[in-house]
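The sequence and the model are shown first.

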Amino acid sequence: MITGSKNSKRAIDFVMLLWQKHQGAISRSLLANEADPAARQDLKQDIFLALYQAAERIQTAELPRAYLFRIVHNVTVDHIARAQQQKWHPLDDEVQYQLLDDCPSLQLDEQQQSQQLMQAVRRLSAANRQVILLAMEELTAPEIADILQISHGAVRVRLNRAKTELMELM
């Protein structure tokens, strides 16, 4: 737990800056994994709490951005596992439109392509979906490997499989 020391304050400030910098990517990940807005907000709060609790470790991590996304990934995986034990709902059309509303400057054909891509991404296996979502956020293969705690080679294999599967689905 974080105490009131100067180092703790700096760590929290550092995590807040990371949060602000990557909030868009975190939100897109949440939209891709949770259809219910209330559950999505709960998940976002759970992620923020986990980041707050790990602030000092994140600040001293070799790859802080990767550490942040590992926490996002782990909290999301736990959320999905809990939801599957109860009942998990795939994203509906309204959420798809919310994803597209974040990019008002896109032309209509780009919106349709984005919608098709998100529909295809949702149909990927969980492992392939997570790798491709992280790659879409421009994380490097080593960062993805660190986040998912798999080898760099496994990331490349999953990315290739996900891309092949996406091409077939589209």
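Predicted model: local features only at pLDDT ≥ 70, side-chain atom pairs only at ≥ 80, totals over all residues.

Helix 8 (residues 141-148) is mostly covered, with six of its eight residues buried; buried denotes under 20% relative accessible area with a 1.4 Å probe, protein chains only. The buried residues of helix 8 are Ala141, Glu143, Ile144, Ala145, Ile147 and Leu148.

Residues are numbered from 1 along each chain as its sequence is written, and side-chain values use heavy atoms, without hydrogens and water.

The chain contains nine helices and zero strands, where helices are DSSP runs of H or I with at least four residues and strands are E runs of at least two. Of the 170 residues in the chain, 42% are buried.

The structure holds one cavity of 30 Å³ or more, a cavity being a set of points on a 1 Å grid over the protein atoms alone where a 1.4 Å probe fits but cannot get out, with lining residues having an atom within 4 Å of a point. Volume is the space filled by probe spheres set on the points, which are joined across faces, edges and corners.

| Property of the largest cavity | Value |
|---|---|
| Volume | about 80 Å³ |
| Lining residues | Ala25, Ser29, Phe69, Val72, His73, Gln130, Leu133, Leu134 and Glu137 |
| Helices each supplying at least two lining residues | helix 1 (6-33), helix 4 (64-86) and helix 7 (126-136) |

Key:
Buried < 20%, exposed > 50% of the residue type's maximum accessible area, 1.4 Å probe, protein only. 1 Å grid on protein atoms, 1.4 Å probe; cavity = no way out; pocket = protein on both sides within 12 Å on 5 of 7 lines; lining within 4 Å.
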